[in-house]
Amino acid sequence: MVIISREQAICMFYCEPYNESNVVKLSKLIDDMNNIEICYSDDPTEPMLISLKSFYAKPFKYHQYPAFLKDCKKDKDNNHANG
């Protein structure tokens, strides 16, 4: 299965290219909405916005995207260089 980060899903939702400036701009739009989160139901390539109340009421129906951690890639690169 394809792993899509929260940041990638946000860009997909708004039909914008996935890059750092779009991630910052579009993430702020969603983060500024109260009680709304981006998630998916069956297919992670089809992101949707849903109220947090609905999200928590149906935990087996809606799934969160993992957040992309910038330091994670650095740690992975360092482990390959050292190992």
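# Briefing: pairs, core and confidence

The model holds three aromatic pairs, counted where ring centres of Phe, Tyr or Trp (its six-membered ring) lie within 6.5 Å; planes under 30 degrees apart are stacked, over 60 edge-to-face, and the rest tilted. Phe13 and Tyr14 form one of them: their ring centres are 5.1 Å apart and their planes stand at 90°, so this pair is edge-to-face.

This is a predicted model: local features need pLDDT of at least 70, side-chain atom pairs count only at pLDDT 80 or more, and totals for chains, interfaces and linings use all residues. Residues are numbered from 1 along each chain as its sequence is written, and side-chain values use heavy atoms, with hydrogens and water left out.

**Aromatic pairs**

- Phe13 is partly exposed, at 30% relative accessible area; the scale calls a residue buried under 20%, exposed over 50% and partly exposed in between (1.4 Å probe, protein chains only).
- Tyr14 is partly exposed too, with a value of 26%.
- Phe55 and Tyr56 make another edge-to-face pair, with 5.2 Å between centres and 75° between planes.
- Phe55 is buried at 8% relative accessible area, whereas Tyr56 is exposed at 58%.

**Confidence**

- The protein chain has a mean pLDDT of 85, and 81% of its residues reach 70 or more; pLDDT is the predictor's confidence in each residue, from 0 to 100.
- Residues 71–83 have pLDDT below 50, and beyond near neighbours in sequence this stretch makes zero contacts in the model; a contact means heavy atoms within 4.5 Å.

- Helix H1 spans residues 6–13, and Ser5 sits in the segment before it; helices (H or I, at least four residues) and strands (E, at least two) are DSSP runs, numbered from the N terminus.
- Ser5 is buried, with 7% relative accessible area.
- Apart from neighbours within four places in sequence, Ser5 contacts Tyr18, Tyr65, Pro66 and Phe68.
- H1 has these buried residues: Arg6, Glu7, Ala9, Ile10 and Cys11.
- Helix H2 (20–32) and strand S1 (36–40) are among the parts that cover them.
- Cys15 follows H1 and has a positive phi, near 55°.

**Nonpolar core**

- The largest nonpolar core has 10 residues: Ile4, Ala9, Ile10, Cys11, Val23, Leu26, Ile30, Ile38, Tyr40 and Tyr65.
- H1, H2 and S1 each give two or more residues to this core.
- Such a core is a set of buried Ala, Val, Leu, Ile, Met, Phe, Trp, Tyr and Cys residues joined through side-chain atoms within 4.5 Å.
- Ile4 touches Ala9, Met12, Pro44, Thr45, Tyr65 and Pro66, leaving out residues up to four places away in sequence.

**Cysteines**

- The structure has zero disulfides, a disulfide being a pair of cysteine sulfur atoms within 2.5 Å.
- Cys11 is buried at 1% relative accessible area, and Cys39 is buried at 0%.

**Salt bridges**

- There are three salt bridges; each needs a side-chain nitrogen of Lys or Arg within 4 Å of a carboxyl oxygen of Asp or Glu.
- Asp31 bridges to Arg6, with the closest N and O atoms 3.0 Å apart.
- Asp31 belongs to H2 and Arg6 to H1, so this pair ties together parts that are 25 residues apart in sequence.
- Asp31 is partly exposed at 48% relative accessibility, whereas Arg6 is buried at 14%.
- Glu37 also bridges to Arg6, and their closest N and O atoms lie 3.0 Å apart.
- That pair links distant parts of the chain, with Glu37 in S1 and Arg6 in H1, 31 residues apart.
- Glu37 and Arg6 are both buried.
- Lys28 bridges to Asp32, with the closest N and O atoms at 2.8 Å.
- Lys28 and Asp32 are about one helical turn apart because they are four residues apart in H2.
- Asp32 is partly exposed, at 49% relative accessibility.
- Through shared partners, salt bridges join Arg6, Asp31 and Glu37 into one network.
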